[in-house]
Amino acid sequence: PTRRPTPRAARRPTSATSSIKTPWTSCRPSLQCRLRRPCFGEAEGRAGGRANSPPRALADTPLPLPPSDYGGRLAFAGRASTVKCYENNPLVRAALEEAGRGRVLVVDGGGSLRCALLGDNLAAMAVANGWAGIVVHGCIRDSADIGRMDLGVKALATFPLKSSKRDPGARDVPVSFAGVTVRPGDWVVADGDGLLVAAEELKL
């Protein structure tokens, strides 16, 4: 009688193959959640039928990078003051030279990763003048020094190059990024999980 060939034994994964994981499962759970879900949220409470709306998740198109915490204060909140600029920061300095009165400066830098809109000197000015935090849709630098300051700072990334001083941009105008519009006077609440924006103070 003919002998049937014995089935080939299943290959056991070697150490090289067993260490290969999918991009998502190789992430830590906290990082996986931050990458899969939007990192900003908006609680709409303005007139016109939006009152009492729950916070909504943002951004059909995610940010190029999740915003990270760079300040020494992880959780912060306050009324928004805004700057819209692109790779230049004269109005960021002008804003932080004013009395902050516990406000949060929201800087729409167009998401540029080519230069920094905030450094340690401006961050120290913000602390001295009573700002609660700064949110930058762009880059900062001097992150080690900023991390020792009593200031909340969220930004997309760090980059060592200074910004230009040519085109100042616009001050205290509505700014939109990550699917949300922040208006001057909105209430901004931030912690290690992200940001919420609302027309009135959020009781958390």
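**Note on the cores and helix α4**

1. In this predicted model, the largest nonpolar core comprises 24 residues, and those with the most contacts inside it are L96, L105, V107 and I134. At least two residues of this core come from each of α3 (90-96), β5 (104-108), α4 (120-128), β6 (133-140) and β7 (152-158). Another core lies apart from it and has 15 residues, with F76, A80, V135 and V188 among them.

2. I134 deserves a separate look: once its neighbours within four places in sequence are left aside, I134 is in contact with F76, L96, V104, L105, V107, L118, A126, L151, G152, V153 and K154.

3. Turning to α4, the residues L122, A123, M125 and A126 of this helix are buried. Viewed down the axis of α4, its buried residues fall within an arc of 155°, and therefore they line one face of the helix. An α-helix has 3.6 residues a turn, so residues three or four places apart point the same way. The buried residues of α4 pack against α3, β6 and α5 (143-146), whereas N121 and A128, on the other side of α4, are exposed. Just after α4, G130 adopts a positive phi of about 85°.

4. Not counting residues up to four places away in sequence, N89 touches L117, L122, S163, S164 and K165, and L122 is itself one of the buried residues in α4.

Terms used. Residues numbered from 1 in each chain as written. Predicted model: local features only at pLDDT ≥ 70, side-chain atom pairs only at ≥ 80, totals over all residues. Heavy atoms only, no water. Core = buried A, V, L, I, M, F, W, Y, C linked by side-chain atoms within 4.5 Å. Buried < 20%, exposed > 50% of the residue type's maximum accessible area, 1.4 Å probe, protein only. Helix = DSSP H or I, 4+ residues; strand = E, 2+ residues; numbered from the N terminus. Contact = heavy atoms within 4.5 Å. Arc of directions from axis to C-beta.
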